[in-house]
Amino acid sequence: MEFFEFLNQAVTPYHTVEFLKKTLSVEGITLMERGGALIAVRKPKKACAQSRFRIALAHTDFPALKIVPNPDKGCAGVKTLHSEIYGSPLFTSWLDRDLGYAGLLAFEKDGKVATKLVRGSKLFRIPQLAIHLNRGVNQDGLKVNPQTDLDALWAGSGFSKKFVETLQAELGDDERLLDFDVQLFDAQAANVGGMNDEWIYSGRLDNLSSCHAIAEAMLSAEALENDFVVAAFFNNEEVGSNTREGAAGNFLESTLEVLWNEAKIEAPFSQALAESLALSIDMAHAEHPNFPQKHEANHAPILGGGVVLKTNSQKRYASDVMSSAQFKLLCEKAGVKSQTFITRNDMPCGSTVGPTISANLGIPTVDIGEPMLSMHSIREMIAVDDHKDMIQLVSTFYK
């Protein structure tokens, strides 16, 4: 599965799932889809009372600007689109960028509701105010009001259509648009950087990098003797996971329980979960060379330093002493480097799907990730070697 092609095509959670579905639609893998979420499973050769689950988790969504239901505005001879903030994007990074638009259309045809993926061919932009009109910006810093400062310029005032009409044009004559979930995205292609091509620059690395590593490992895996090999890709992590497509929903638990019951295993499902292991894979904060004071000195991951173990005493991460120990042993078996992250005591800690899945399913879980810079910027940065290490780690876990 070509990484850059994935990064360039997976511009919304729906496009992410569509790409993953096509890639993982191979013999031996069972797929279950729920909107912007997907679960892939390799069943064991012989399910039995000793069968367990090897689960890798990631999320398909990323911070974005979502176009509102009635987005059309206009001023100064320009038509603009109003957006609603999704997740916690770094606002300033969205300025002066070439922006595409894509998402899911829901339409009526023959009295029934159907859906279609859409990706527009035109580019939009949110231009920054010139320094001549904001003289103190370099001294005072740029402050962005998300309500008033992030409307995207999409057409001159002479263009007569509303944005919804351009979406309707993506449908057939007998198809009537009912609703849409469309967002703006960074239209610049992924690329390598650094003097030795040691880094990757792209939008959506958080968390498409993890999705790609898991998918690559799933493709190279084979059916195990007793254990179920599972990949779970959830939507809505960036807004708390409390949706039917998110990690707090029942998608994973119900899927695993169906698999367990179909195999007619005469052992408690809850016991199997308690004795399984989940790798919750999301991105980690690499130490920024211009801001080393932002990290806890002895737990500051670096780009190229290996897979990051994320721990937190307030349990914002699911890692505990036993799951962390299993992770370290797995790194030794895989032959990959590892490093450990904790946040400073005077800074709040983020979270991911790990604690939700661990609490809901009662499954031991370890939170890990690739170190990155510019997290939640429209364009982020990782190290090539760290991504290779993550693929190797998950591949070893699945084998």
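The model is a predicted one, and a search of the whole of it finds 13 salt bridges, of which the stops below visit a few.

Begin by selecting Glu-33 and Lys-21, whose side chains meet in a salt bridge with an N to O distance of 2.8 Å. This pair links distant parts of the chain, since Glu-33 lies in strand β1 (residues 30–34) while Lys-21 lies in helix α2 (residues 13–24), 12 residues apart. If you colour by accessibility, Glu-33 is partly exposed at 43% relative accessible area, and Lys-21, at 23%, also counts as partly exposed.

Next, select Lys-109 and Asp-174, where the side chains meet in a salt bridge of 3.6 Å, N to O. Here too distant parts of the chain are linked: Lys-109 belongs to strand β6 (residues 99–109), and Asp-174 sits in the loop between α4 (163–168) and β9 (176–186), 65 residues apart. Lys-109 is partly exposed, with a relative accessibility of 31%, and Asp-174 counts as partly exposed at 46%.

Finally, move to Asp-346 and Arg-344, whose side chains form a salt bridge at 2.8 Å, N to O. Is Asp-346 buried or exposed? With a relative accessible area of 55%, Asp-346 is exposed, because the cut-off for that word is over 50%, whereas Arg-344, at 27% relative accessibility, counts as partly exposed.

Notes:
Residues numbered from 1 in each chain as written. Predicted model: local features only at pLDDT ≥ 70, side-chain atom pairs only at ≥ 80, totals over all residues. Heavy atoms only, no water. Salt bridge = Lys/Arg side-chain N within 4 Å of Asp/Glu carboxyl O. Helix = DSSP H or I, 4+ residues; strand = E, 2+ residues; numbered from the N terminus. Buried < 20%, exposed > 50% of the residue type's maximum accessible area, 1.4 Å probe, protein only.
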